[in-house]
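Here is a short briefing on a protein structure. Keep the sequence and the 3D view open as you read.

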Amino acid sequence: MPNSSTPPERLIDPAVLARLKGLRLRAERIVEGFVSGLHRSPYHGFSNEFAEHREYVPGDDLRYVDWRAFGKTDKVYLKQYEEETNLIGYLVLDISESMLYQSEPTNAVKKSLIGKKKGNPPKGKTAKGKPAEVKAVNETHPSKLEYAQTAAAALAYLILNQQDAVGLATFDDSVRTLIKPSGSPSQLTPLLSAIGETGEREKTSAGPIFHELAERFSRRGVVIILSDLFDDPESMLAGLKHFRHRRHDVIVMQVLDPAELDFPFQQPTLFKGLERLGELLVDPARLRKAYQEEFTAFQKSVASGCRSQGADYVLLRTDQPLEAALTAYMHRRQ
Amino acid sequence: MRQTHKTTTWAAIRFLQAALERQARRLQLQHWLLLAIRTAILLLIVLAAAKPFLDQGLLGGNDQPTHRILLFDTSLSMSYANEQEVTRIEQAKQLAKQLVEEGSSADRYTLMSVTSAEPLETGQFALDRQAALAAIKRIEPTLGTADPLVGFAAVKRLLAQQTTTDTVPDRSEVLFFSDLSKNSWSSLTKSSNENRSSNSGESDRGETNRGDADRGEVSSGDPLIAEENRIEAGPNTLLDQLAEITTLTVVDMAATNPTNGVVNQAVTSLELSESLATSGRELEVRAELSHFGNMGEASESTTVELLADGVVLKTETVRMLPNGPTSLDFPVKFDREGAHSVSVRIQGDRLKQDNERWLALNLRSEVRVLCVEGSRGAAQHVADSLNPTGNPESALQPEIVTDADVSGIDLTRFDCVIFCNVAEFGINEAAQIKQYVQEGGGAIFFLGDQIRPDRYRGILSAEPSNLTSAEPSPFFSEEPIIRQVAFEADSSSADSSSVDSSSAGAASTLLPLLIGAPITNPSFGLDPLDYAHPIVEPFRGRERAGLLTTSVSRYHQLELTDNSLERNAQVALALKGGDPLIITSQFGQGRTAVVATAASLKSIDPETGEVWTAMPAWPSFLPLVRGMVRSVVTDASESSACLIGESFSKPLGNSRLKVSNQLLVTRPDESNETIAINADQAWSYGRTNMLGIYEVDNSWSVAVNLDPSESDLTRVALDSLSPQLTVRPATTATQRVVEAFGGNAGIHRTLLLLALALVLTESVVACLFGRGSA
């Protein structure tokens with residue numbers, strides 16, 4: 001489990017970055033950069049991309065008068081060009097306690113990865129939170145937080161690599177870290193440090209946090225949210241709406257553990273809730289159908305809420321390769 | 001203690017909690033549903049098990065033990081089959097069977113079969129369920145008619161007996177399974193009730209001899225009950241009385257058929273077109289075919305077959321007329337005398353029994369007539385009119401003898417005896433003549449100047465009952481002097497006789513009339529009385545044949561006695577003044593005719609010196625004599641026919657005395673039965689429950705046919721029935737009928753079936769619920 005001592009270089013997997021090479025995160029909507037870049041700007045500047053003609057008014061710069069049009073029409077027009085600017089990416093990373101969950105792989109996977117280890121209880125943070133168990137699980141698939149951290153690091157690298165600016169915010173029940181966007185290559189180091197740093201973990205409180213961040217992200221950009229979104233959907237969607245109101249391009253990446261989706265438990269199990277939500281002793285076999293109905297309803301409400309807000313929704317399963325998920329999404333977005 | 005479950009952390013605990021709540025709600029709903037089903041199962045089983053208590057009145061009066069009296073109309077019309085070849089009586093039995101099966105075990109049943117053809121089975125009073133079911137199986141359709149009034153009268157008697165029987169439930173219900181045919185039920189319509197009420201004091205003299213004397217006490221054909229009902233109560237009163245003590249329901253077994261759309265074809269009549277049939281001559285048989293329920297349309301072509309002695313003689317194809325019967329004439333000839341049979345049959349329809357009709361012919365080789373003359377030449381004109389040419393091959397063969405020879409002649413050798421101007425008869429002679437007529441012989445009396453009326457009275461004719469009466473008789477109002485003289489003389493010779501004894505004597509005399517002294521009252525014409533009598537009927541339309549101009553100067557006054565109606569006495573021909581000239585009457589199996597004047601021209605009026613009548617020389621004499629012979633001679637087929645259920649008999653003459661006291665009767669199905677001859681040489685056979693020819697001693701045959709009225713399946717108008725009767729249609733959904741009758745017997749079965757269905761449902765639902773939660 002990554003904690004405050006997670007080394008930054010661990011978050012950058014060369015293999016992942018190699019597969020992401022060549023990809024670019026383009027803003028689907030207009031973003032406000034501060035230098036010329038790949039992305040459409042709301043301003044009409046003086047780039048090479050012709051936009052329209054405008055009648056001359058006194059005070060306009062004569063350098064942009066279209067003399068050819070003046071020669072033909074005897075009227076003075078100014079040539080306007082669409083400005084292209086750089087992208088500002090805001091990475092919003094959920095570091096709440098629920099993101100620490102990491103299940104053991106299914107039997108088939110476990111056999112192939114762990115060999116003869118049978119009957120191991122689901123790994124993750126036990127009641128006592130022994131790190132050794134988490135480490136053992138890391139050999140199979142990471143926790144949601146690890147997965148999200150890796151994804152955030154890869155995206156930061158990707159954005160910086162395409163000459164765009166990137167910032168970061170981490171949160172649980174409040175904003176823990178906030179790094180302003182910068183396109184400097186040196187930005188990567190503090191970003192990775194901040195991504196790897198996770199402090200006191202609390203309950204997820206996405207809704208208020210999104211409202212706060214929407215206020216604090218002053219320029220339009222691409223907001224990439226990496227979270228399991230285990231919060232009240234209505235509150236969370238209200239926060240997203242705030243982002244959209246501030247004209248941000250929003251990408252919601254919901255990071256989920258396969259066990260949370262499939263609920264593969266068979267024997268009676270005592271489930272100890274993270275984020276201090278109590279514990280339940282249930283027979284999973286009898287409860288699976290009802291659980292899946294509830295969880296599917298939640299997932300659908302989030303997905304449909306995102307689509308209704310004009311935000312992209314991406315489901316990231318921690319048992320799937322990150323590079324494959326990101327590559328698929330990037331290709332689709334382009 | 002060893003831990004029995006695993007422990008893990010879980011991020012999505014809120015969904016687990018929501019799932020638990022959802023699961024709990026679903027389980028709760030499922031448990032409630034299962035609880036409801038299981039409770040319903042227990043409740044239904046308890047209710048079904050509690051049926052005996054429910055029957056005892058917890059659910060109301062309909063469940064009280066009931067004495068159900070089931071009346072079955074087993075008349076011919078109930079044999080009408082539907083499209084599935086199921087007869088109405090079979091449907092009625094099925095309904096009754098279901099009713100009994102579904103009824104309470106405490107119910108009791110009495111079954112009655114209402115028909116004229118079979119006696120009602122007795123000993124079926126208040127049967128339990130099993131016995132009632134067995135009795136229903138034994139009920140069979142008959143070929144007779146049914147009078148529902150007889151059935152209801154029997155019910156009334158039954159219920160009167162029931163009051164003294166402790167084992168029979170107090171509550172009773174009468175169910176009459178019938179097709180409500182008009183023929184049977186017209187006696188219970190409102191108009192019929194009114195008519196009967198107005199005529200309640202009159203006896204029904206037209207009642208035929210239905211039923212046998214040895215039938216059961218409660219017999220459908222019991223004339224006592226019918227008579228008791230008709231005379232004492234009347235249908236309205238009877239039904240009123242019954243309705244006060246029970247419920248009267250008629251189950252309409254023909255409700256599914258259109259009211260008048262039931263088509264039936266039948267042979268409704270078969271008879272000889274002529275009388276005095278003899279062998280060796282061609283006879284004409286007339287058949288009548290009827291097409292009932294035809295709705296004004298002629299029938300399809302139907303094949304009609306004539307059979308003589310069982311052999312098909314002729315086949316014709318006819319279309320029956322829509323209005324009235326269709327007549328067909330067939331010639332038939334039998335070379336030998338004796339018993340023969342003729343039948344006519346048509347193609348089958350849904351009521352097969354009435355598609356054939358039989359005619360029994362007991363043919364003579366010739367008609368022998370004995371002419372007895374009281375004076376020389378008195379019978380010559382009569383004999384000449386019977387066989388004018390003396391042809392020995394003639395069908396009529398007269399033989400003239402004197403009155404002195406009568407005592408030595410076996411009269412049974414002759415088919416008819418004509419007495420012409422015979423002055424008097426001795427007691428033995430009178431007895432001989434009476435027996436002869438009683439056994440079926442025919443006797444004709446021509447009076448004349450030799451006649452001594454006082455010698456006839458008390459021997460052959462009646463004694464006058466008003467000899468001492470001070471009031472003049474209207475009969476002699478025109479000739480008071482002659483009447484007074486004549487009867488004073490009679491009074492002196494019979495002064496010891498009383499009124500009662502004379503009445504009793506009149507009942508046993510051969511002639512139901514009084515013979516008065518001769519009077520001179522010239523009449524130059526005769527009154528044919530609308531040609532109503534068969535003797536004069538041939539003169540209808542032939543006014544110039546001489547009948548109306550026949551002159552009669554002197555004659556004996558004839559007066560009918562009180563018992564003349566019983567003896568079917570009729571005035572065939574009258575004089576212009578109204579005095580009867582020819583009177584015919586019945587005596588036993590034979591008939592008589594009395595002619596008030598002479599049969600020859602030798603009777604001379606002493607006052608005027610003229611002949612009594614010129615009639616013997618008149619052209620009308622020959623047809624009149626022959627008509628009288630035809631009238632009194634028992635026809636070849638007439639005495640040998642009866643309807644189903646009626647009894648037939650024939651007195652044995654002296655010449656036919658049997659050595660044994662038994663007779664052999666061969667039934668239509670070739671089975672033989674022996675019947676006893678009583679001391680009076682009389683016998684009677686009443687088991688005529690089959691159609692066809694019955695042979696007696698292989699020498700005499702009787703045709704037993706259906707009552708043709710039963711072939712008309714027209715239903716009585718339901719709204720015309722007495723209001724005391726509730727008519728319920730018998731539908732194919734028998735359960736509805738049973739429920740309609742107030743039966744609750746199916747409740748427990750329904751409850752158990754519901755419980756079984758719920759048990760199966762519970763198993764399936766529990767399985768589904770278990771699988772869903774697994």
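**Salt bridges and the wider picture**

Arg687(B) counts as partly exposed, because its relative accessibility is 42%. Arg687(B) forms a salt bridge with Glu673(B), and their closest N and O atoms are 2.5 Å apart. Bear in mind that this is a predicted model.

**More on salt bridges**

- Side chains of opposite charge can pair when their charged atoms come close.
- Over all chains, the structure holds 30 salt bridges.
- Glu673(B) sits in strand S25 (residues 672-676) of chain B, while Arg687(B) sits in the loop between S25 and strand S26 (692-696) of chain B, so the pair ties together parts that are 14 residues apart in sequence.
- In chain A, Lys144(A), Asp228(A) and Glu260(A) are joined into one network by salt bridges that share partners.
- Arg317(A) and Asp319(A) also meet through their side chains, in a salt bridge of 3.2 Å, N to O.
- Arg317(A) counts as buried because its relative accessibility is 17%, under the 20% cut-off.
- Asp319(A) is partly exposed, at 37% relative accessible area.
- Glu101(B) and Lys97(B) form a salt bridge of 3.3 Å, N to O.
- Glu101(B) and Lys97(B) are four residues apart in helix H3 (residues 88-102) of chain B, so about one helical turn separates them.
- Glu101(B) is partly exposed, with a relative accessible area of 34%, and Lys97(B) is partly exposed as well, with 30%.

**The two chains in numbers**

- Chain A has twelve helices and twelve strands.
- Chain A has 334 residues, and 51% of them count as buried.
- Take the contacts in chain A between residues at least 6 apart in sequence: 77% of them join residues at least 24 apart.
- Chain B has 17 helices and 28 strands.
- Chain B has 774 residues, and 50% of them count as buried.
- The accessible surface of chain B is about 34900 Å², and carbon and sulfur atoms account for 51% of it.
- Take the contacts in chain B with a separation of 6 or more: 75% come from residues 24 or more positions apart.

**A sheet in chain B**

- Eight strands of chain B make an open sheet with mixed pairing, in the order S14-S13-S15-S16-S22-S21-S20-S18.
- Strand S14 (396-402) and strand S18 (526-527) of chain B each have a single partner strand, so one side of each has no neighbour in the sheet.
- S18(B) pairs with strand S20 (residues 570-575) of chain B in the antiparallel sense, over two bridges.
- Leu526(B) has Leu575(B) in S20(B) as its bridge partner.

- Leu753(B) lies in helix H17 (residues 746-773) of chain B.
- Leu753(B) counts as exposed because its relative accessibility is 53%, over the 50% cut-off.
- Leu753(B), Leu756(B) and Leu760(B) form a nonpolar surface patch, with about 310 Å² of accessible area together.
- Arg455(B) lies in helix H12 (residues 453-456) of chain B and is partly exposed, at 36% relative accessible area.
- The contacts of Arg455(B) beyond four places away in sequence are Ala423(B), Glu424(B) and Phe425(B).

Key
Residues are numbered from 1 along each chain as its sequence is written. Chains are lettered from A and ligands numbered from 1 in the order in which they are written. This is a predicted model: local features need pLDDT of at least 70, side-chain atom pairs count only at pLDDT 80 or more; totals for chains, interfaces and linings use all residues. Side-chain values use heavy atoms; hydrogens and water are left out. Patches are made of residues with over 30% relative accessible area and no salt bridge: like charges are joined within 9 Å, nonpolar side chains (Val, Leu, Ile, Met, Phe, Trp, Tyr) within 5 Å. Accessible areas come from the Shrake-Rupley method with a 1.4 Å probe; for residues, only the protein chains shown count as cover. A salt bridge is a side-chain nitrogen of Lys or Arg within 4 Å of a carboxyl oxygen of Asp or Glu. Buried means under 20% relative accessible area, exposed over 50%, partly exposed in between (1.4 Å probe, protein chains only). Two strands pair if DSSP finds at least two bridges between them. Contact means heavy atoms within 4.5 Å.
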